[in-house]
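Hello,

Here is the structure I promised to pass on to you. Please open it beside this message and follow along as you read.

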Amino acid sequence: MTPRTILIAAAGMTTVATRGLAQTSEGYGHMMWGGGYGMGGALMMLVFWGLIIALIVFVVRWLTVNDRTSARRDGSLAILRERFAKGEIDEEEFERRKRTLGSD
């Protein structure tokens, strides 16, 4: 699920929720059928909070995966430099692997 898809879904849900809140009715009636927002309001509340929680989880996972990827790349380059310093690989092998890792 892309960030754009999440934003479009959240905007749609917000639009639907605000239209429901803007509707008024005369009298109080029974909560489920009359003046209250009924089952539709409860469902919209669950959907709204579900989207908020999903968005938070998505952002946290995205941030941690990006940190892990850069840390892994830095760790790999450190190991490569260490092997070159010990003489386990020659300069040609070092440069080739360095390019493979994406470091300049």
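Below is what turned up, from the overall fold to the charged pairs.

Please keep in mind that this is a predicted model. The chain has three helices and zero strands, so reading from the N terminus gives the order α-α-α. Of its 104 residues, 9% count as buried. The accessible surface comes to about 8,700 Å², and carbon and sulfur atoms account for 64% of that. As for contacts between residues at least 6 apart in sequence, 36% of them link residues at least 24 apart.

Next, the surface. Which residues make the nonpolar patch? They are Met45, Leu46, Phe48, Trp49, Ile52, Ile53, Ile56, Val57 and Val60, and the patch covers about 870 Å².

Now to the charges. Side chains of opposite charge can pair when their charged atoms come close. How many salt bridges does the structure hold? There are four, and I will walk you through some of them.

One of them joins the side chains of Glu82 and Lys86, with 3.2 Å from N to O. Both residues belong to helix 2 and are four residues apart, about one turn of the helix. Glu82 is partly exposed at 42% relative accessibility, while Lys86 is exposed, with a relative accessible area of 56%.

Helix 3, residues 91-101, has its own set. Here Glu93 and Arg96 are three residues apart, about one turn of the helix, and their side chains meet in a salt bridge of 2.8 Å, N to O. Glu93 also forms a salt bridge with Arg97, where the closest N and O atoms are 2.5 Å apart. Glu93 and Arg97 are four residues apart in helix 3, so about one helical turn separates them. Through shared partners, these salt bridges join Glu93, Arg96 and Arg97 into one network.

Is Glu93 buried or exposed? Glu93 counts as buried because its relative accessibility is 19%, and the cut-off for buried is under 20%. Its two partners are partly exposed: Arg96 has a relative accessible area of 40%, and Arg97 has a relative accessibility of 31%.

Enjoy exploring the model, and do write back with any questions.

Best wishes

Conventions. Residues are numbered from 1 along each chain as its sequence is written. This is a predicted model: local features need pLDDT of at least 70, side-chain atom pairs count only at pLDDT 80 or more; totals for chains, interfaces and linings use all residues. Side-chain values use heavy atoms; hydrogens and water are left out. Helices (H or I, at least four residues) and strands (E, at least two) are DSSP runs, numbered from the N terminus. Buried means under 20% relative accessible area, exposed over 50%, partly exposed in between (1.4 Å probe, protein chains only). Contact means heavy atoms within 4.5 Å. Accessible areas come from the Shrake-Rupley method with a 1.4 Å probe; for residues, only the protein chains shown count as cover. Patches are made of residues with over 30% relative accessible area and no salt bridge: like charges are joined within 9 Å, nonpolar side chains (Val, Leu, Ile, Met, Phe, Trp, Tyr) within 5 Å.
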